[in-house]
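Hi there,

Here is the structure I promised to pass on. Have a look at it first, and my notes follow just below.

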Amino acid sequence: MLAVVVGFSAISVNVLLHMRKAAWELARQSSENLASTLDADIRRNIDVYDISLRAVVTNIMIPEIGELSPAIRHLILFDQAATAKHFGPLKVFNAAGHLMIDSSALEPAPDRAVNREYFQVHRTDENGGLFVSHPAADAKGEMAVYLSRRISGTDGAFGGVVVGSIRLSYFHDLFRRVKLGPEDSLTLIHRDGFVVMRSPFDIAMVGRDLRGVVGVERIRSEQTGWLEAPGAVDGVPRQFVWRDGGGPLVTLLGKSLASIYDPWQSDAAWILSAMAVLAIVAAGASILLAREMRKRSADEHRFALLSITDGLTGLANRRQFDDILQSEWLRNQRNKTSLALLLIDVDYFKIFNDTYGHQGGDRALKQIATTIRHEVQRAADCAARYGGEEFAVILPEATIESAQMVAERIRSAVQAISLDGAHITVSIGIAAVVPASNWQPAELIAATDAALYNAKDAGRNQCRSARPLTPAPGQGSAGLSARSAGDRITAAAG
């Protein structure tokens with residue numbers, strides 16, 4: 001479940017990052033399209049106005065133009081002049097900077113442009129083409145940008161300037177039609193870095209020099225591009241996209257990063273919340289599952305112990321005894337080491353049981369089992385309840401001598417037990433053998449059982465050992481002992 005949660009979390013994070021990138025890219029494309037539309041509108045109006053300027057420059061070079069009456073001259077010079085609400089009048093200044101012709105009046109008022117920016121530019125630059133000035137106030141005090149062209153004589157000498165203007169109200173109205181976010185901005189920048197117009201409108205920004213501001217040099221040098229930077233006015237982080245058609249003015253659209261990422265952040269919060277709930281549910285389910293698995297494992301372990309443990313004494317039961325004996329028989333056979341077996345029988349247990357009742361008999365069997373477990377000290381040894389009042393002890397890698405020592409300790413310890421003033425004793429049969437390939441564990445059991453009957457026949461409360469078991473061709477001597485023991489049991493039963 002942890003792997004599943006981590007996997008889904010990784011997928012969710014990857015999806016969220018792609019969504020964030022997609023939101024940024026969508027905003028960039030939208031801004032670029034809008035900037036392109038605005039630039040096209042501005043460029044179209046400048047081109048229309050420039051056609052009027054070109055017509056005046058061309059017609060004023062006609063030699064006879066000066067001999068015509070003011071009315072005819074106006075008709076010829078300004079016949080193709082563009083007229084619009086935001087366009088100012090066209091004016092012609094001579095080489096000395098004096099106003100000679102004004103499209104708005106047949107008799108122009110005195111005016112001189114020798115100190116003005118556009119006049120100085122054209123006087124020094126023979127091939128300047130169309131010049132767009134910084135924002136400046138016109139004769140009526142309205143802010144405008146001036147568009148001008150040089151008048152050159154037939155010899156290339158400076159002959160004056162034709163100039164017109166586009167009021168900033170045009171750009172203000174154009175930008176006002178664009179719906180912006182609360183922290184978005186729209187700026188028209190002159191190619192040399194001066195602000196022409198800004199939305200939201202701020203008169204203090206008009207004509208402001210942005211050279212040196214982060215990213216402005218890229219805007220001045222690249223026709224199209226985008227960048228992330230804080231706003232020059234308010235420091236709000238924005239995605240800036242600019243577009244220009246190669247003219248002197250650049251349209252710059254700034255979209256705040258907050259407005260770009262707000263929808264994404266809402267989706268991200270929802271997805272992360274869902275993943276957190278999933279993680280909590282998965283963690284809870286994992287804890288419950290782990291607890292149930294531990295409980296089940298403990299139950300299985302307990303049931304496994306019950307299946308191999310005698311319920312009364314806590315020793316191994318007959319099934320476990322048979323399995324361990326078979327396993328140790330094979331292991332000692334491979335290692336060619338001696339395997340010893342003790343069979344322990346409680347003396348006169350039926351009489352004890354009749355005297356003290358079954359509960360007294362059970363207490364006696366439990367006490368004997370505890371004593372045997374205490375005296376069988378090695379981890380590899382196995383003490384088992386063989387059946388009824390009979391016990392068995394498997395002693396791997398034990399000789400007959402070491403087995404006799406264990407048996408004697410058990411016998412003595414049991415003899416010392418006192419149950420409500422009653423004493424009990426046990427008889428123990430002992431046998432040991434190095435397992436041969438043609439022998440079986442049953443032969444060791446039979447030999448040990450025969451030794452146990454010898455102990456009982458000799459008067460009980462004693463240990464007796466089977467005679468040494470050695471292999472014989474085709475049959476081990478243990479097999480002979482087993483048959484002798486079997487005959488003896490049969491005779492006794494008869």
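Please keep in mind that this is a predicted model. I'll start with a pair of helices. Helix α8 (residues 349-375) and helix α9 (residues 400-415) have axes that come within 9 Å of each other and cross at roughly 145 degrees. The crossing of α8 and α9 is right-handed. On the α8 side, the contact is made by Ile 368, Thr 371, Ile 372 and Glu 375, and α9 brings Arg 409, Ile 410, Ala 413 and Val 414 to it. Sorted by class, the residues in this contact of α8 with α9 are 5 nonpolar, 1 polar and 2 charged.

Next, the sheet. Five strands form an open sheet with mixed pairing, in the order β13-β14-β12-β17-β18. At the edges are β13 (382-387) and β18 (463-465), each of which pairs on one side only. From one strand to the next, the twist averages 20 degrees.

Which way do β17 and β18 pair? Strand β17 (residues 426-433) pairs with β18 in the parallel sense, over 3 bridges.

Finally, here is how helices and sheet go together. α9, the helix that crosses α8, also lies across β12 (339-346), β14 (390-396), β17 and β18, and runs at about 165 degrees to β17. Helix α10 (residues 441-457) lies across β12, β13, β14, β17 and β18, and its angle to β17 is about 145 degrees.

Best wishes

Note on methods
Residues are numbered from 1 along each chain as its sequence is written. This is a predicted model: local features need pLDDT of at least 70, side-chain atom pairs count only at pLDDT 80 or more; totals for chains, interfaces and linings use all residues. Side-chain values use heavy atoms; hydrogens and water are left out. Axes are lines fitted to C-alpha atoms, for helices over the stretch in contact, and angles run from 0 to 180 degrees between N-to-C directions. Helices (H or I, at least four residues) and strands (E, at least two) are DSSP runs, numbered from the N terminus. A crossing is left-handed if the near helix is turned anticlockwise from the far one by less than a right angle, and right-handed if clockwise. Contact means heavy atoms within 4.5 Å. Ala, Val, Leu, Ile, Met, Phe, Trp, Tyr, Cys and Pro count as nonpolar, Asp, Glu, Lys and Arg as charged, and the others, Gly among them, as polar. Two strands pair if DSSP finds at least two bridges between them.
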